[in-house]
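Here is a short report on one chain.

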Amino acid sequence: MFKNLRDRLTAFKDRLSKKVEEEVDAAPEEVEVETVGAAAPRPPSHGEVAPTPPVDDRRAARRAMRKARRGDGGAEEAAAAAGEAPVKPTEEAFTDSILGKMIRERKLDDLLDDLETILLESDVALPVAEEIKEALKGELVGRRLRRDVDMEDFVEEALQAAIRKVLAVEPVDLDAYIDSHPKPVVLMFVGVNGTGKTTAIARIAHRLKKRGLSVVLAAGDTFRAGAIEQIDLHAQRLGVKIIKHQAGSDPAAVAFDAVEHARARYKDVVLIDTAGRMQTNTNLMDEMKKIKRIAQPNLVIFVGDALAGNDAVEQARAFDAAVGIDLAILTKIDADAKGGAALSIAHAVGRPVAFVGTGQNYEDLEPFDPDWMVERLFS
């Protein structure tokens, strides 16, 4: 999962950390601090320049600090090597002291451009790639960095923070939403053909049934050959009620009947399948608008294929413009080596990705959040 992007981000992180370390090592060294219990060093005489520790000694000090933060018992070693008390983790990586090393933008421009290229080649949408680049620049440039931080850890955490920033969309807890709203809660699913929309509906039905909720499926894709049979088979396997009409019938009528059935039988949730055609199909979008007007769903859920990359982002934008989407589900993410759609969709439409499909079974539906994504990019 995300192997291509993960490997390229790792290589970029290594190059960037080396560049930042070179900048720190090239700066004049800090004033020495008196060590408790040791004799104070002799101040330099008039005109004499205080000796600067060799670069290798300073790097050894940072390695010792890294060992101390990992809990390897190197706190005393780190303090002795650096000439001061151990530094706490990266929230204290920066300092207001004029002795800290300020990272200059011009020193990092080429590397930041490389990051943007890496993201674009991984199907990340251009505005998202630019925002990650700018967020990382904001984490690094123009701030004074302590000399005793571990550069690799520091750069990785700065990159993670930049990615979390673009994924920071107000989340929707579907379970809590359903629990807190009058029944039946109506969910309408939209997306193009081949994204795994019907399977995603079945997975949601399985998830809700496990929570003890009653579910009604609406076979609203009356256009595609075999679509009604496909969702009917899922209903039989899951043991849930399905409302279906003949192929070619009005999908809005199917949705209406499903909602009315749920109200009459005191069912908890209605899941409405819809026809999937290209997002540029005007008739499809008009049909979506009619179903929404008739069924009045509580939430409209976009289902996108993670392997589609930037095209999934454009699909989400088109459906959002036509009917408004409230959250998204990304399917086939277990086979996605790039990760561009997962990084881009929430930012593009301002709606959260709630779940990702991670396999072939009903249980293979995982909640999505920024930490989930970051963990898999930097594991």
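This is a predicted model: local features need pLDDT of at least 70, side-chain atom pairs count only at pLDDT 80 or more; totals for chains, interfaces and linings use all residues.

The expected span of a helix is 1.5 Å times one less than its number of residues.

**Overall**

The chain has 14 helices and ten strands. Of its 379 residues, 49% are buried. Take the contacts between residues at least 6 apart in sequence: 76% of them join residues at least 24 apart.

**Helix α10**

Helix α10 covers residues 251-264, 14 residues in total. From first C-alpha to last, α10 reaches 20 Å, close to the 20 Å expected at 1.5 Å a residue.

What caps the N-terminal end of α10? The residue is D250, with a side-chain oxygen 3.0 Å from the backbone nitrogen of A252. After α10 comes Y266, which has a positive phi, near 55 degrees.

The buried residues of α10 are P251, A252, V254, A255, A258, V259, H261 and A262. An α-helix has 3.6 residues a turn, so residues three or four places apart point the same way.

**Helices α5 and α13**

Helix α5 (residues 126-140) packs on helix α13 (residues 340-349) at an angle of about 95 degrees. Their axes are 9 Å apart. Angles of 65 to 115 degrees count as roughly perpendicular, so α5 is roughly perpendicular to α13.

Which residues meet here? From α5 come P127, V128 and E131; from α13 come L343, S344 and H347. By class, the contact has three nonpolar, two polar and one charged residues.

**S344**

S344 sits in helix α13. Is S344 buried or exposed? Its relative accessibility is 0%, so S344 counts as buried. A polar atom of the S344 side chain lies 2.7 Å from the backbone oxygen of G340. Beyond its neighbours within four places in sequence, S344 is in contact with D123, V124, A125, V128 and V313.

**T331**

T331 lies in strand β8, residues 327-331. Buried means under 20% relative accessible area; T331 has 5% relative accessibility and therefore counts as buried. Leaving aside neighbours within four places in sequence, T331 is in contact with T195, G196, A200, V303, G304, D305, A306 and G357.

Technical notes: Residues are numbered from 1 along each chain as its sequence is written. Side-chain values use heavy atoms; hydrogens and water are left out. Axes are lines fitted to C-alpha atoms, for helices over the stretch in contact, and angles run from 0 to 180 degrees between N-to-C directions. Helices (H or I, at least four residues) and strands (E, at least two) are DSSP runs, numbered from the N terminus. Angles under 35 degrees count as roughly parallel, over 145 as roughly antiparallel, 65 to 115 as roughly perpendicular and the rest as oblique. Contact means heavy atoms within 4.5 Å. Ala, Val, Leu, Ile, Met, Phe, Trp, Tyr, Cys and Pro count as nonpolar, Asp, Glu, Lys and Arg as charged, and the others, Gly among them, as polar. Buried means under 20% relative accessible area, exposed over 50%, partly exposed in between (1.4 Å probe, protein chains only). A polar contact is a pair of N or O atoms within 3.5 Å; within protein, one must be able to donate a hydrogen and the other to accept it, and residues adjacent in sequence count only if both atoms are side-chain atoms.
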